[in-house]
Amino acid sequence: MSNGLRARQDMEKERETLQAWKERVGQELDRVVAFWMEHSHDQEHGGFFTCLSREGRVYDDLKYVWLQGRQVWMYCRLYRTFQRFHHSQLLNAAKAGGEFLLRYKCAFVLTRDGRPVKVQRTIFSECFYTMAMNELWRATGEVRYQTEAVEMMDQIVHWVREDASGLGRPQLQGAPTAEPMAVPMMLLNLVEQLGEADEELAGKYTELGDWCARRILQHVQRDGQAVLENVSEDGKELSGCLGRQQNPGHALEAGWFLLRHCIRKGDPELRAHVVDKFLLLPFRSGWDPDHGGLFYFQDADDFCPTQLEWAMKLWWPHSEAMIAFLMGYSESGDPVLLRLFYQVAEYTFRQFRDPEYGEWFGYLSREGKVALSIKGGPFKGEWGTGRGRRGCASRLPPALTTCPPPP
C-alpha cells in the first residue's frame, strides 16, 4: 500500500470516528436535557429542584443558587444555539427559573419558596446569576435581564478589584492572603459571556479580561512544572497544604477559558503556552495510571491530599477535559489533543453514563464504581453533564473541519 493511500485511509477513518462521537454526544445531550425537563421543574414556585435521586425523585427541595443560575443559562444557550431545542417549553422553564432568581437573588441556599438558608460570602452565586440574566436577555430580547446582568457584573468587579468588604467575609489575622484560581477564572468567563457579539461590552471589559488572564497564568508555578490552585496575591507559592493543592479538572477548565481568550486576542504564542501548561501538564499528572480517570485533588509534593474525596472520579473534571481537548484540537490541529479527547471520552461515557434512567452519575470511587447514586445534589445539577455535552456538541463540528477530508 502506498503512503498516499494509507494517509487517505487514515484521514477518512479519523473523520468517521469524529462523526460517530458527534452523534453519540448529541444523543447523550438529548437524554440529559430530557431528564431535567421531566424531573426538576418546580411548577409552583419556579426554579428547579436539583436534589434528585437516580430515578429523578426529589429527595430535598432546597434550592442552590449556583445550580439555579446554571440551569437557566443552559436552557437559554441550548434554545439559542440548537434548532431542536428552540421550543417554548424550554424557554418558558428558563424564564420561570430566571424570575425566581430575580425575586430572591443570590444567597447560596434557598428554601423551595425562596427564603434564604445559607450565604457563602463569595462571588460565585452572583457570577452564575449574571450568566443567567445575560443569556435570558439574549434568548428573549427583554432588556431588564441585561440590565440586571451588567449591574451585577459591575458589583462583582468592585468586590474583586476594589473592596471585598461587602461580601461580609471576616478578615482573620492568621489567614493567608491567598488567591484561588476560581476567582479570575470566573471573571474571565463572565467577560467572554457578556462580550459575546456585543462590541460595547467587549470593549468595556477588555482590560479586565487581560487582567484575569494574567492572574490565572501566575498559578503556573515551580518553573512551569505545576498548576497550583492557590497562590499569594502577588503570584507566589503559599506554604502548607493550601499552597500545594492541585485540582486537575479546574486547571483544564481554566485552560479552555484561556483558549477562548487567546482566540479572541489572536495570540498563537499564548495559545501554545496554555495548551502546554493548562491542558497537557494537569492531564499527565492528574490521570490515574491504574484505574483511569482524573483524580479530584493532588498534592504537588506527592503527600496524601487531605481532602477525603481526593481519589474519587467526579463527572465535571472529565466534562471540562473533553471540552478543553476538543477546543485545543480545533484551534491547533494537534493530533495529540484529539487522542486525549478520545481517551477521556471513552472513560467518561463508559463509567458515568446511566443507561437505565438517563443522566449521568456524578461521583465514582477511584476504581470507577458508583459511589453516590444521586443524579443531582447541592453541587451537581443539569449544568455539569449538560454543559459538557453541549460544549462537545458545539466543538465537534469545528473538529471535523480541522480534520481534512481525504484528497
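This is a predicted model: local features need pLDDT of at least 70, side-chain atom pairs count only at pLDDT 80 or more; totals for chains, interfaces and linings use all residues.
**Show the residues in contact.** Next, display the residues at which the domains meet: 22 residues of domain 1 are in contact with 17 residues of domain 2. Between them, the two domains bury about 1,600 Å², and carbon and sulfur atoms account for 65% of this area. On the domain 1 side, select R138, M153 and R161; these residues lose the most area to domain 2 and together make up 34% of what that side buries.

**Turn to the charged and polar pairs.** Four salt bridges are counted between domain 1 and domain 2. To view a salt bridge, select D154 and K204 and display their side chains; their closest N and O atoms are 3.2 Å apart. Polar contacts across the interface of domain 1 and domain 2 amount to eleven residue pairs, with both residues of each pair at pLDDT 80 or more.

**Finish with the helices of domain 1.** Select helix 2 (65–81), helix 4 (124–140) and helix 5 (143–161) in turn; these are the elements that give two or more residues to the side of domain 1 that touches domain 2. Colouring that side by residue class then shows 13 nonpolar, three polar and six charged residues.

Terms used. Residues are numbered from 1 along each chain as its sequence is written. Side-chain values use heavy atoms; hydrogens and water are left out. Contact means heavy atoms within 4.5 Å. Buried area is the accessible area (1.4 Å probe) that two parts lose on being put together, summed over both. A polar contact is a pair of N or O atoms within 3.5 Å; within protein, one must be able to donate a hydrogen and the other to accept it, and residues adjacent in sequence count only if both atoms are side-chain atoms. Helices (H or I, at least four residues) and strands (E, at least two) are DSSP runs, numbered from the N terminus. Ala, Val, Leu, Ile, Met, Phe, Trp, Tyr, Cys and Pro count as nonpolar, Asp, Glu, Lys and Arg as charged, and the others, Gly among them, as polar.
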